[in-house]
Amino acid sequence: PERRAWLEKLVEAIGDRMTTLKEVTEHSHFMFQADDEYEYDPKAFKKFLQKDGIPMALGELRQVLSVTDPFDKETLEKAIHDFVERTEVRIWQPIRVALTGESRGPGLYEIMELLGKDSVLARLDRTLSLIECSDS
């Protein structure tokens with residue numbers, strides 16, 4: 001039942017982007033890859049993650065998300081909105097690229113809820129490490 005509910009949420013999140021069921025994997029493949037195995041679109045990585053201030057902002061946001069509870073769409077939306085308001089850093093696309101490797105896809109808060117807190121934090125950690133390595 002829990003897995004079915006998760007799959008139903010996934011289909012709902014990507015539903016408006018699909019015209020056929022076989023497109024499910026095209027729009028959600030990152031959901032089924034290990035937190036350290038999904039690939040980043042090189043253009044999206046450079047454009048959204050290698051900008052001044054973004055690594056620091058992602059690190060700060062990671063701290064916020066680590067204590068966000070419950071880890072659901074509504075709470076995540078408020079937490080990120082409050083973060084953006086406080087820091088004045090437009091962080092939505094960098095978060096999306098950090099979590100999915102792509103600059104397009106299902107709604108950000110839906111992605112985060114479906115991935116779950118542990119995966120979101122692990123993917124942010126991985127992204128921050130990769131940014132650090134690419135800057136060296």
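Colour the chain by secondary structure and follow it along the sequence: the pattern reads α-α-α-α-α-α-α-α. That makes 8 helices and 0 strands, where helices (H or I, at least four residues) and strands (E, at least two) are DSSP runs numbered from the N terminus. Before you click further, note that this is a predicted model, in which local features need pLDDT of at least 70 and side-chain atom pairs count only at pLDDT 80 or more, while totals for chains, interfaces and linings use all residues. Residues are numbered from 1 along each chain as its sequence is written, and side-chain values use heavy atoms, with hydrogens and water left out.

**The whole chain**

The accessible area is about 8100 Å², and carbon and sulfur atoms own 51% of that (Shrake-Rupley method, 1.4 Å probe; for residues, only the protein chains shown count as cover). Of the 136 residues, 43% count as buried, meaning under 20% relative accessible area, with exposed over 50% and partly exposed in between (1.4 Å probe, protein chains only). Now for contacts, meaning heavy atoms within 4.5 Å: among those between residues at least 6 apart in sequence, 69% join residues at least 24 apart.

**The nonpolar core**

Hide the surface and select Leu49, Leu65, Ile91, Ile95 and Met112. They have the most contacts inside the largest nonpolar core, which holds 31 residues. Such a core is a set of buried Ala, Val, Leu, Ile, Met, Phe, Trp, Tyr and Cys residues joined through side-chain atoms within 4.5 Å. Helices H3 (42-49), H4 (54-66), H5 (73-87), H6 (92-100), H7 (108-115) and H8 each give two or more residues to this core.

Centre on Ile95. Leaving aside residues up to four places away in sequence, Ile95 touches Leu58, Leu61, Ile80, Leu108 and Met112.

Just after H6, check the backbone of Gly101: phi is positive, about 85°.

H7 is next, and it is mostly covered too, with 6 of its 8 residues buried. Pick out Leu108, Tyr109, Ile111, Met112, Leu114 and Leu115 to show the buried ones. Just after H7, Gly116 takes a positive phi of about 90°.

**The ring cluster**

Select Tyr38, Tyr40 and Phe45, which ring pairs link into a cluster. The structure holds 2 aromatic pairs; rings of Phe, Tyr and Trp (its six-membered ring) pair if their centres lie within 6.5 Å, with planes under 30 degrees apart counted as stacked, over 60 as edge-to-face and the rest as tilted. Tyr38 and Tyr40 make a tilted pair, 5.2 Å centre to centre with 50° between the planes. Tyr40 and Phe45 are edge-to-face, at 5.3 Å and 75°.

**Last stop: Arg123**

Move to Arg123 in helix H8 (residues 117-135). Arg123 counts as buried because its relative accessibility is 0%. Finally, show Asp36: Arg123 and Asp36 are 87 residues apart in sequence, yet their C-alpha atoms are 7.0 Å apart in space.
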